[in-house]
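Student: Could we go through the terms used for this model and check each against its cut-off?

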Amino acid sequence: AGLTVANEADSLTYDIANNKDALRKTWNPKFTLRSHFDGIRALAFHPIEPVLITASEDHTLKMWNLQKTAPAKKSTSLDVEPIYTFRAHKGPVLCVVMSSDGEQCYSGGADGLIQGWNTTNPNIDPYDSYDPSVLRGPLLGHTDAVWGLAYSAAH
């Protein structure tokens, strides 16, 4: 369960050797995120910081600081380790949305819950002790899986 992020601002390279698809885009991986134990269902970027939150079928969300990288062993891309793991869902996490200021995020899961989270500082030490104030708590009421969320700053 890995995720690779490519930078659209990089120069594009094209494979012109194949006449059938003369302008086929060749992607160059920028980051490789490895840590989830199952498929990644959704992701949300922080509106200000170089931070990404991923939602996975392994029942967790992970927060990644894209500025904390290390060279990958077998690739030109950079490996990124998660800086925080959000745990509260009792099943696969299917969707995630970030608030417009990046202070909170919300996740929906197969358990029928929408969990609210306070996002942590992107420079947090991944080995710090658990902070219970990160979990804002569930929004109850759904009787089946929550597959999508949208955030409104006005409401």
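This is a predicted model: local features need pLDDT of at least 70, side-chain atom pairs count only at pLDDT 80 or more; totals for chains, interfaces and linings use all residues.

Student: Why is Asn65 called buried?

Tutor: Buried means under 20% relative accessible area, exposed over 50%, and partly exposed in between, with a 1.4 Å probe and protein chains only. Asn65 has 3% relative accessibility, so Asn65 counts as buried.

Student: What lies 2.8 Å from a polar atom of the Asn65 side chain?

Tutor: That is the backbone oxygen of Pro122. Leaving out residues up to four places away in sequence, Asn65 also touches others, including Val51, Val80 and Ile83, where contact means heavy atoms within 4.5 Å.

Student: What makes the pair of Tyr106 and Tyr151 stacked?

Tutor: Rings of Phe, Tyr and Trp (its six-membered ring) pair if their centres lie within 6.5 Å, and planes under 30 degrees apart count as stacked, over 60 as edge-to-face and the rest as tilted. For Tyr106 and Tyr151 the centres are 6.2 Å apart and the planes 20° apart, so the pair is stacked.

Student: Why is Tyr151 called partly exposed, and why is Tyr106 called buried?

Tutor: Tyr151 has a relative accessible area of 33%, so Tyr151 is partly exposed, whereas Tyr106, at 17%, is buried.

How values were computed:
Residues are numbered from 1 along each chain as its sequence is written. Side-chain values use heavy atoms; hydrogens and water are left out. A polar contact is a pair of N or O atoms within 3.5 Å; within protein, one must be able to donate a hydrogen and the other to accept it, and residues adjacent in sequence count only if both atoms are side-chain atoms.
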